[in-house]
Amino acid sequence: MPAPDILRTPAAMLAWSKTAQRDGHTIGFVPTMGALHKGHVTLVERARAENAKVVVSVYVNPTQFDNPDDLKKYPRTFDADRALLEKAGANAIYAPDDTAMYDPEARTWVEVGELADALCGLSRPGHFRGVCTVVTKLLSIVRPDRAYFGQKDYQQLRIIEVVARDLNLGCAIVPCPIVREADGLACSSRNVRLTPQHRQEAVWLSKVLREAKAKIAAGEREGLKLAGEMAEQLEAHTSGEIDYVAVVDALNFADLQKIEGEVLLALAVKFGSVRLIDNERVSVPVKT
Ligand code: AMP
């Protein structure tokens, strides 16, 4: 594979994309914050399979961090990321710095309303405003035909689908399944910051979700009861601090008294300063 082109400014990235499109190529885009793992790689592979050219952004976006310490500690591994992306067959890497990405006079934000106030939004005020703004900017800069997002960040994916629809961004949003470690833990750039004990305990996030899914398959329909049992299990088996455990409508994140339709089981747990999230989406036939 030839080494990917590295673009550092919006103007350079836009010119690259325009040239590719003038030559008749479709562009698939994978936005990331770097510290790449096999979850990111599957997104790149999917983009390669469906587009002539693949662009990956590597940018730790400061406006989506509600906690300055988390921003400071976010792993930055550009050389390794570049090598991985070359192997995975990316054609271009968009890696701006903050001054290239945000004009000092910038004053425009993209907000999505109450979808951003549920789940992760409750404990991360402003997080989704930062995500919506940076993703809208990235899509304007890269101008892809398709953009690939992991279901690992399910709320983010749903919110971006809504923003792309509402603002007619002209880009298909493609959801990609969660990639997991052998023991079930969802791959995350934050996993490397877990202590060995927390790493062992973290397997319970996916276990609890799997068991909840099995209970629904066995007929459980009470949302609050199920969420309570999931929280109890997490408390019994981990020393993590639960941020939320939710059984909600997968499209609008409203609490579900009765489990039916498109259901999202989602949780967030803090191990020390490392906050992990995971989820399962379940389709439950509506009984009339
Ligand atoms: P991040 O670098 O964490 O912002 O993630 C960039 C993209 O990769 C997002 O669309 C994430 O949802 C996706 N992603 C991260 N981890 C995983 C995973 N374990 N499985 C699938 N997609 C993932």
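Trainee: At roughly what angle do the axes of helix 2 and helix 4 cross?

Mentor: This is a predicted model, in which local features need pLDDT of at least 70 and side-chain atom pairs count only at pLDDT 80 or more, while totals for chains, interfaces and linings use all residues. Residues are numbered from 1 along each chain as its sequence is written, and side-chain values use heavy atoms, with hydrogens and water left out. Helices (H or I, at least four residues) and strands (E, at least two) are DSSP runs, numbered from the N terminus. Axes are lines fitted to C-alpha atoms, for helices over the stretch in contact, with angles from 0 to 180 degrees between N-to-C directions; those of helix 2 and helix 4 come within 10 Å and cross at roughly 35°.

Trainee: Which residues of helix 4 make the contact with helix 2?

Mentor: Contact means heavy atoms within 4.5 Å. From helix 2, Val41, Val44 and Arg48 take part; their counterparts in helix 4 are Leu84, Leu85 and Ala88.

Trainee: Which residues of helix 2 are buried?

Mentor: Buried means under 20% relative accessible area, with a 1.4 Å probe and protein chains only. What covers the buried residues of helix 2 includes strand 2, strand 3, helix 4, strand 5 and strand 6. The buried residues themselves are Gly39, His40, Val41, Leu43, Val44 and Ala47.

Trainee: Are helix 7 and helix 8 parallel or oblique to each other?

Mentor: The axes of helix 7 (residues 127-142) and helix 8 (residues 154-166) come within 10 Å and cross at roughly 55°. Angles under 35 degrees count as roughly parallel, over 145 as roughly antiparallel, 65 to 115 as roughly perpendicular, and the rest as oblique. Helix 7 and helix 8 are therefore oblique.

Trainee: Which residues of helix 8 make the contact with helix 7?

Mentor: Helix 7 contributes Phe128, Val131, Cys132, Val135 and Thr136 to the contact. On the side of helix 8, the residues are Gln155, Gln156, Ile159, Ile160 and Val163.

Trainee: How far does helix 10 reach from its first C-alpha to its last?

Mentor: The expected span of a helix is 1.5 Å times one less than its number of residues. Helix 10 (residues 203-217) has 15 residues and an expected 21 Å, to which its reach is close, at 22 Å.

Trainee: Which glycine follows helix 10?

Mentor: The buried residues of helix 10 include Trp204 and Ile216, and what covers the buried ones includes helix 9 and helix 11. After helix 10 comes a residue with a positive phi, near 115°: glycine 219.

How values were computed
Buried means under 20% relative accessible area, exposed over 50%, partly exposed in between (1.4 Å probe, protein chains only).
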